[in-house]
Amino acid sequence: MNNYGKLTAWLIAGWFMVALSASALHLFKNDSNRVGLAVGLAALTPIVVFSLWSATSERFRQFTLSLNSRTLTFVQSWRILGFVFVISQAYGVLPAIFALPAGYGDIAIGATASFVAWKLANPRHRNSFILWQVVGIADLVMAVSLGTTARLLSPHGTSMVAMTVLPLSLVPTFIVPLLLIFHVICIAQARAWKTASGDSRQTARRVKDLVPGGFQSHRRAS
């Protein structure tokens with residue numbers, strides 16, 4: 001598992017450097033009122049790689065399930081920086097049709113992430129924990145959808161070019177897919193919590209059934 005941890009850390013670091021370098025070289029820049037194909041490919045590639053790796057490697061799946069769900073959830077606190085989108089819209093840098101829903105959605109997720117990591121990341125609150133993760137994914141999907149369709153929804157609105165150059169280009173090409181992957185891992189972990197707790201209860205019932213009634217009575221009498 002330690003080898004997977006080191007490999008994953010190097011892959012994430014390499015992914016960040018590629019996104020940063022490509023942005024610095026203006027490979028993602030798109031002067032039209034939309035997020036271009038290059039940004040879309042950069043965002044989807046790590047998600048596809050993660051999905052294929054998880055589907056084909058049992059050891060990698062076990063590694064992801066061994067990660068700390070509280071830490072993965074707490075990382076989502078960074079999304080409170082979504083206020084940058086709101087400010088950018090106020091200064092005419094980003095269109096309102098994208099910046100306001102995406103910004104306020106990120107602020108809501110970022111503001112609640114610490115509480116969710118502290119109070120809900122356990123089997124007792126499994127359903128609430130999963131629901132929050134799903135809402136977090138929905139917010140990311142909504143932001144990406146609005147970013148790619150802004151030209152159609154608001155043909156004469158502010159251009160989305162700011163999202164295709166530094167520093168904001170790192171949001172769709174690195175931050176969004178990474179946080180989405182963290183959400184998926186947390187949901188997979190939470191789904192395993194029910195199985196684990198169910199197995200424990202089933203084992204306890206089996207042990208109780210195996211213990212003779214007389215022995216249980218003797219223990220109560222003692």
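**Briefing: helices, rings and pockets**

Phe-60 and Phe-63 are both buried. They belong to a predicted model, in which the protein has 9 helices and 0 strands. Of the 222 residues in the protein, 39% are buried.

**Aromatic pair within helix H3**

- The rings of Phe-60 and Phe-63 form a tilted aromatic pair, with 6.2 Å from centre to centre and 35 degrees between the planes.
- Phe-60 and Phe-63 are 3 residues apart in helix H3 (residues 58-66), so about one helical turn separates them.
- An α-helix has 3.6 residues a turn, so residues three or four places apart point the same way.
- Phe-60 and Phe-63 also belong to a cluster linked by ring pairs, together with Tyr-4, Phe-50 and Trp-53.
- The C-alpha atom of Phe-63 is separated by 8.7 Å from that of Asn-2, although the two residues are 61 residues apart along the chain.
- Asn-2 is found in helix H1 and is exposed, with a relative accessible area of 64%.

**Helix H6**

- Helix H6 (residues 96-120) has a kink of about 40 degrees, centred on Thr-112.
- The buried residues of H6 include Phe-98, Asp-106, Ile-109, Gly-110, Ala-113 and Val-116.
- Glycines among the buried residues of H6 include Gly-103 and Gly-105.
- The charged end of Lys-119 sits over the ring of Trp-118, at 5.1 Å from the centre of that ring.

**Backbone features in the loops**

- Most residues other than glycine have a negative phi, and most peptide bonds are trans.
- His-26 is not a glycine, yet its phi is positive, at about 60 degrees.
- His-26 is placed in the loop between H1 and helix H2 (37-56).
- The relative accessible area of His-26 is 47%, so this residue is partly exposed.
- The peptide bond from Leu-166 to Pro-167 is cis, with omega near 0 degrees.
- Pro-167 is placed in the loop between helix H7 (126-153) and H8.

**Largest pocket**

- The volume of the largest pocket is about 700 Å³.
- This pocket is lined by 35 residues, of which Phe-85, Val-171, Pro-172, Ile-175 and Val-176 are the closest to its centre.
- At least two residues of the lining of the largest pocket come from each of H2, helix H5 (83-90), H6, H7 and H8.
- H8 gives the most to the lining of the largest pocket, with 9 residues.
- By class, the lining of the largest pocket comprises 28 nonpolar, 4 polar and 3 charged residues.

**Second largest pocket**

- The volume of the second largest pocket is about 550 Å³.
- Its lining consists of 26 residues, and Leu-11, Ile-12, Trp-15, Pro-46 and Ile-181 lie nearest its centre.
- H1, H2, H3 and H8 are the elements that give two or more residues to the lining of the second largest pocket.
- The most is given by H1, which supplies 9 residues to the lining of the second largest pocket.
- The lining of the second largest pocket divides into 21 nonpolar, 5 polar and no charged residues.

How values were computed: Residues numbered from 1 in each chain as written. Predicted model: local features only at pLDDT ≥ 70, side-chain atom pairs only at ≥ 80, totals over all residues. Heavy atoms only, no water. Phe/Tyr/Trp six-rings, centres within 6.5 Å; stacked < 30°, edge-to-face > 60°. Helix = DSSP H or I, 4+ residues; strand = E, 2+ residues; numbered from the N terminus. Buried < 20%, exposed > 50% of the residue type's maximum accessible area, 1.4 Å probe, protein only. Lys NZ or Arg CZ within 6 Å of the ring centre and 35° of its normal. Bend = angle between axes of the 7 residues up to and from the residue. 1 Å grid on protein atoms, 1.4 Å probe; cavity = no way out; pocket = protein on both sides within 12 Å on 5 of 7 lines; lining within 4 Å. Points joined across faces, edges and corners; volume = space filled by probe spheres on them. Nonpolar A, V, L, I, M, F, W, Y, C, P; charged D, E, K, R; others polar.
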